[in-house]
Amino acid sequence: MKKLTFTIALLAVLAGGCNDKLNLEPIGSVSQDGFYTTADDANAAVVACYNAILAYHTGGSTSNTTGMDMWGDIQSSDAEPHPDGVAWNQIYQYTLQPNNGELSNQWFQIYEGIYRSNQAMEKIPAIEMDEALKGRLIKEAYFLRGWWMLRLAKMYGDAPLVTKTLGIDDLLIPKSTQQELFDQAEKDLLEASTLPDTYDDANLGRATSYAAKTVLAELYLWEKKWAQAKPLLETVINSGKFKLLNSYSALFDGSVENHSESIFEIQYKANTGKNLGNFSTTYSAPNGEGYVPGGGWGWIRPTQDLVNEYEKTPKEDPRLTYSIFRKGDNFEGQIFKDVVNGTGFALKKWVISGKTGAEIEQNYPWHTSANFALYRYAEVLLMYAEVLNETGSPAAAVPYINQVRARPSVNMPPLATSLNKAQVFEAIRHERRVEFTFEGKIAFDLRRWGIAGSFLRSKDRWQNDTKINPQWGGNFFKYVDGKHDFFPIPQSEIDKSGGTLVQHPKW
């Protein structure tokens, strides 16, 4: 089946040239003169909105169209960055400062995504075209802006709220509160909730009503609005349009895409010459093992702490083998040796050689066409279990956890419905950690639950074990409650604002 190819369509310059004020606008390359006049222009504007998420986890260079979200794993005890990634290592250990380069990259990427959506929502209404198509395209822009707003709130807490394109004299904007960002995300996602349920093959990959409801449910979980999240998740579950894939590994090897478990995934396409492919295979494959074109950079490495999370009795959780290389593992005839003396483990998800049928470039930048699922049905089931547990029905929550555990290729023993609320919460925490390993979830989960500090400082963390890692004195993670709950505003943005932006407390 075809999928929507997010070709670069337009990046307009509103303010013109460079300036030394707050950087909320992306630099563009296509003039607005003569644009926004046809239905094709309207579609191109929305495709440009989708294009912004190709490299959403960091900056937008060729090697960073990476179908994975390092932010959600590097902030936890699950993943250790490559030693060359100084900025990432500061984030990992919570020693970062507001001048951290990756922090600035993420800020720019979020506001570029918001800008493109604002541009589309402002320009499309005036175009003479089919009204039904016009309305749908505008709702797609609302969906994407709502998703970016939620990410902004999750990352930075308080930040400027921008809901229109800005002129040169409008760029100095003070912070809005996290709640105000949440409120805007809610408005946007409600607008998008009446998108089509499905699309034809030529438009696969566009946001659907179910995608909007799923992201809105995530927002309500952040706000602990369980009653509002419940019917949204029920709509997705009861639609009958989604089911878990039998094969867990097929979710990540590029062999299937836009499948029965997919709620919303980023669409990648290799061999276009337009930087639209997924770089995650070379980016994350074991460093120096030669498994993939480009050799593998090993930019993100599983830790012993994560490996310890997987159940070993009465059977080992198969998701460990599907997700992580251990020394001695065989990958298409090659034995993993950890030749660079990393953590002893390597990321297996998204390591694609091309033998699965996935398209992969043999030369730099070694992109694949494997998509990355931002949301899949397994998460809907676990979110619904969390809602049921938090609203006093732990016994009713357990079957939804067990559905995820019962995937045929996983087939872990079912949990008992006699578990109490605290036990069900712990089961959900565990299940989300092992089910969504290296899918950018766990660190945000810990923050959302309010347990990030206690979890990372716990003596149970492998990094804090004084017998194994005595050099850290049991205090590897420098997480400070009330400070590291959110990232600081990049110092460069503070400096440009001339006092308009004020740094978060404790930073």
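How many of the 13 residues of H1 are buried? I keep in mind throughout that this is a predicted model. I found that ten of the 13 residues of H1 are buried, so that the helix is mostly covered by the under 20% cut-off on relative accessible area. I listed the buried ones as Asp41, Ala42, Ala44, Ala45, Val46, Val47, Ala48, Cys49, Tyr50 and Asn51. I then looked up what these buried residues pack against, and found helix H4 (101–123), helix H5 (131–156) and strand E2 (262–266).

I also checked the length of helix H1 (residues 39–51): at 1.5 Å a residue its 13 residues should span 18 Å, and its end C-alpha atoms are 18 Å apart, which agrees.

Next I turned to the charged side chains, for which the count comes to 37 salt bridges. I looked up three of these pairs one by one.

My entry on Glu261 is that it forms a salt bridge with Arg376, with the closest N and O atoms 2.8 Å apart. Because Glu261 lies in the loop between helix H8 (226–238) and E2, while Arg376 lies in strand E8 (residues 372–376), the pair ties together parts that are 115 residues apart in sequence. I noted Glu261 as buried, at a relative accessible area of 0%, and Arg376 as buried too, at 2%.

My entry on Glu379 is that it forms a salt bridge with Arg432, where the closest N and O atoms are 3.0 Å apart. Glu379 lies in helix H12 (residues 377–390) and Arg432 in helix H14 (residues 421–435), so this pair ties together parts that are 53 residues apart in sequence. On burial, I wrote down a relative accessible area of 2% for Glu379, which is buried, and of 3% for Arg432, which is also buried.

My entry on Glu431 is that it forms a salt bridge with Arg405, the closest N and O atoms lying 3.2 Å apart. Since Glu431 belongs to helix H14 and Arg405 to helix H13 (residues 394–405), the pair ties together parts that are 26 residues apart in sequence. Glu431 counts as buried at 0% relative accessibility, and Arg405 is buried with a relative accessible area of 2%.

Which residues do salt bridges with shared partners join into one network? I found Glu261, Glu311, Asp317, Arg319, Lys349, Arg376, Arg405, Arg407, Glu431, Glu435 and Glu439 in it.

Notes:
Residues numbered from 1 in each chain as written. Predicted model: local features only at pLDDT ≥ 70, side-chain atom pairs only at ≥ 80, totals over all residues. Heavy atoms only, no water. Helix = DSSP H or I, 4+ residues; strand = E, 2+ residues; numbered from the N terminus. Expected span 1.5 Å × (residues − 1). Buried < 20%, exposed > 50% of the residue type's maximum accessible area, 1.4 Å probe, protein only. Contact = heavy atoms within 4.5 Å. Salt bridge = Lys/Arg side-chain N within 4 Å of Asp/Glu carboxyl O.
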